[in-house]
Amino acid sequence: MSEQNPQVMLETSKGSIKIELFKDTSPITVKNFLGYVRDGYYDGLIFHRVIRDFMIQGGGLNENLEQKKPKFAIKNEADNGLSNKRGTLAMARTAVVDSATSQFFINVVDNDFLDHQGKQQDRYGYCVFGQVLEGMEVVDDIRAVKTGTHKGHSDVPVEPVFITSAKVLE
């Protein structure tokens, strides 16, 4: 077994996105994400928050914007030295530092302001734990979709963009 990073194929209604996960710098986050992938948790969920010049976020809500029950929250590994550059994956969370569960986002531009800048809650940052290897054009297709407000959520794609499946590439 080689010590290379795990890879995940995200099949979406817009095409395939191949992702590499950084298990050495973000071991807790990668283990958590792979657990959700192996459980089939992401299958059928949507990218529920799309902001053209920021990021695309998914991994928690279905097309009716109902929250799928996640597992426990994990430790935030944003202090791992990685930056929220275009094409990286990071964990979404609430204002609470260690609140990430299943939701993730793909940065569509360089978002350095999301990086770890200190131990204070508002400076802790968002943990980068992977990057898009193939399919950035699919990410760009998703970021370009028309969005609106739906059931109290803003930046929701008017036509749902589904994660049809997420599979670990062995």
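1. Basis. The model is predicted: local features need pLDDT of at least 70, side-chain atom pairs count only at pLDDT 80 or more, and totals for chains, interfaces and linings use all residues. Residues are numbered from 1 along each chain as its sequence is written, and side-chain values use heavy atoms, with hydrogens and water left out.

2. Eight strands form a closed barrel in the order 1-2-7-5-6-4-3-10, with antiparallel pairing. From one strand to the next the twist averages 35°. Strands here are DSSP runs (E, at least two residues) and helices likewise (H or I, at least four), both numbered from the N terminus. Two strands pair if DSSP finds at least two bridges between them. Axes are lines fitted to C-alpha atoms, for helices over the stretch in contact, and angles between N-to-C directions run from 0 to 180 degrees.

3. Pairing around strand 7. Strand 2 and strand 7 are antiparallel over four bridges, and strand 5 pairs with strand 7 in the antiparallel sense over three bridges. Which residue of strand 7 is the bridge partner of E20? It is Q131. Q131 is also the bridge partner of T88.

4. Strands 5 and 6, and the helices on the sheet. Strand 5 and strand 6 pair in the antiparallel sense over three bridges, with I106 of strand 6 as the bridge partner of L89. Helix 1 packs on the sheet and touches strand 1, strand 2, strand 5, strand 6, strand 7 and strand 10; the direction of helix 1 makes about 115° with that of strand 10. Helix 2 (residues 136-143) also packs on the sheet, where it touches strand 1, strand 2, strand 3 (45-51), strand 4 (55-58), strand 6 and strand 7. The direction of helix 2 makes about 115° with that of strand 2. Contact means heavy atoms within 4.5 Å.

5. Helix 1 in detail. T29, V30, N32, F33, L34, G35, Y36 and V37 are buried, where buried means under 20% relative accessible area, exposed over 50% and partly exposed in between (1.4 Å probe, protein chains only). After helix 1 comes G40, with a positive phi near 75°.

6. Nonpolar cores. A nonpolar core is a set of buried Ala, Val, Leu, Ile, Met, Phe, Trp, Tyr and Cys residues joined through side-chain atoms within 4.5 Å. The largest has 38 residues, and those with the most contacts inside it are I17, F33, Y42, F47, F104 and F129. Helix 1 supplies the largest share of this core, five residues. Beyond four places in sequence, Y42 is in contact with F33, Y36, V37, G59, S102, F104, I163 and A166.

7. N5. This residue sits in the segment before strand 1 and counts as buried because its relative accessibility is 18%. Apart from residues up to four places away in sequence, N5 touches E20, L21, F22 and K23. The side chains of N5 and E20 make a polar contact (2.9 Å); the term means a pair of N or O atoms within 3.5 Å, and within protein one must be able to donate a hydrogen and the other to accept it, while residues adjacent in sequence count only if both atoms are side-chain atoms. A polar atom of the N5 side chain also lies 3.5 Å from the backbone nitrogen of K23.

8. N107. The side chain of N107 makes a polar contact with that of N84 (3.0 Å). Residues that N107 touches, not counting those up to four places away in sequence, include F54, M55, R86, L114 and M136.

9. R38. R38 belongs to helix 1 and counts as exposed because its relative accessibility is 55%. Leaving aside neighbours within four places in sequence, R38 is in contact with V168 and E170. R38 and A166 are 128 residues apart along the chain, with their C-alpha atoms separated by 8.1 Å.
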